[in-house]
Amino acid sequence: MVRVCVIGLGPIGNRHANIYAEDELADLVGVCDKLHERADATAARLGVPAFYDVETMLKALAPDMCSVATGGYEYGSDHYLPTMQALEAGCHVLGEKPISNEIPQAVEMVAKAKEKGLCYGIDLNHRFTPAYRLAKRWLDEGRLGTLLYINMSMWIMNPTESSPYFQLKALHPHTVDVMRYYCGDVEAVQCFALKAPGRKIWSTAQFNMRFVNGVVGSLTGSYDIERGHPMERCEVAGTGGRFVVDDMWREATLYPAGNLEKIVYTNPVFGGILDFEDTFRNRIHRFLEQVNEGADPADIDGSGEEGLAAQKVLAAAIESLENETVVYIE
Ligand SMILES: NC(=O)c1ccc[n+]([C@@H]2O[C@H](COP(=O)([O-])OP(=O)(O)OC[C@H]3O[C@@H](n4cnc5c(N)ncnc54)[C@H](O)[C@@H]3O)[C@@H](O)[C@H]2O)c1
């Protein structure tokens, strides 16, 4: 069993803590939030000690791993300090997305995990569904032939008005991660965005991309669309076929080239994904499995390095938006 602590106890940290409390690979040993009432409430609910300071908890409990579910400005400014503290103390870390709202800090976090030889994952939970996994298998088996294009979109309602780049930095770690999962590193990006009526932030955006392998892609994202209908779609096409994944887990369809019979995976009624929370369960369980098996940190599924790569694409998109240019990524 992996001895786990959770740092940051907003709605998402509480979700992490609940999942660890239920997962047979985890032993939730402590929780921490600067806000005493938040730490106390989670601790009382789950029967573990509460802490209000990360260093104190790390010294007292010496956990094997920590979830860092802090947020902050652009949902990412508070991850750096507790992540560095946990890594310094020798803990594996599963951090929330975005890895950080600042690239130099994310670079340091990834470098620290590497220096310490520790597993560092990001909660890029969208890719951890049976439908996305199956589509990845189709691709790895060569059933798409030579890849040609990817179209990705994700649209939800988030009325928060903070940084002008909140939507770009906080929503798109997920979409860019899924795109990189299928098509690899992004070479160049161009982005247009708009502010929906009454909004002050770039709340809807359109990206054009080219990947290092030559694949071309587009990404549409929005914080302006009411919930209730579908919210995510990914289409990947190649010379041998094309697949579409609807709503992360709901359906994956393979359209083989030259064959009018399509293959459809539908989320099963029994044993399928019940709701968005299950994507967290799957992601967290996979990280626990890898830590438990003593996986090589370089093999972490949804790693800090991947979280950083996604954030670099988003930083390039913001530069493109500001300067109306195509931006090439290092
Ligand atoms: N993976 C997903 O699908 C998904 C979905 C929504 C949100 N998120 C991410 O989850 C994170 C948390 O979101 P939230 O809505 O729960 O945020 P929140 O602001 O409600 O909670 C964060 C908590 O962290 C605490 N905190 C910050 N720094 C701390 C520190 N150094 N030590 C102890 N406590 C500290 C704060 O006091 C706060 O209670 C964000 O980064 C967000 O982007 C992920």
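**Val4 and the elements around it**

Modeller: Val4 is buried, because its relative accessible area of 0% falls under the 20% cut-off. This is a predicted model, and everything below is computed from it. Val4 belongs to strand β1. Leaving out residues up to four places away in sequence, Val4 touches Tyr20, Ala26, Asp27, Leu28, Val29, Gly30, Met65 and Leu288. As a remark on distance, Val4 and Tyr132 are separated by 128 residues in sequence and by 28 Å in space, C-alpha to C-alpha.

Just after α8, Gly294 takes a positive phi of about 70°.

The loop between α8 and α9 (304-323) holds Asp301. With a relative accessible area of 13%, Asp301 is buried. Its side chain makes a polar contact of 3.1 Å with the side chain of Arg127. Neighbours within four places in sequence aside, Asp301 is in contact with Arg127, Phe128, Arg133, Arg283, Arg286, Gln290 and Glu306.

Strand β10 (residues 216-222) is mostly covered, with five of its seven residues buried. On the parallel side, β10 pairs with β7 (residues 147-155) over seven bridges, and Met152 stands opposite Leu219. In the antiparallel sense, β10 pairs with β9 (residues 204-211), also over seven bridges; here Ser218 of β10 is the bridge partner of Asn208. Four residues lie between the strands in the hairpin of β9 and β10, where Gly214 takes a positive phi near 95°.

Met209 ties this region to a nonpolar core. Residues up to four places away in sequence not counted, Met209 touches Val176, Met179, Val186, Ala188, Val189, Val215, Val216, Gly217, Leu219 and Val313. The largest nonpolar core has 46 residues, and the members that touch the most others are Ile150, Tyr182, Phe207, Met209, Val236 and Phe243. Apart from that core lies another, of 27 residues, among them Val54, Tyr80, Ala86 and Val110.

Helix α7 (residues 166-183) also reaches this region, through Gln167. Gln167 is buried, with a relative accessible area of 0%. Setting aside neighbours within four places in sequence, Gln167 is in contact with His172, Ile201, Trp202, Ser203, Thr204, Ala205, Gly221, Ser222 and Tyr223.

Key. Residues are numbered from 1 along each chain as its sequence is written. This is a predicted model: local features need pLDDT of at least 70, side-chain atom pairs count only at pLDDT 80 or more; totals for chains, interfaces and linings use all residues. Side-chain values use heavy atoms; hydrogens and water are left out. Buried means under 20% relative accessible area, exposed over 50%, partly exposed in between (1.4 Å probe, protein chains only). Helices (H or I, at least four residues) and strands (E, at least two) are DSSP runs, numbered from the N terminus. Two strands pair if DSSP finds at least two bridges between them. Contact means heavy atoms within 4.5 Å. A nonpolar core is a set of buried Ala, Val, Leu, Ile, Met, Phe, Trp, Tyr and Cys residues joined through side-chain atoms within 4.5 Å. A polar contact is a pair of N or O atoms within 3.5 Å; within protein, one must be able to donate a hydrogen and the other to accept it, and residues adjacent in sequence count only if both atoms are side-chain atoms.
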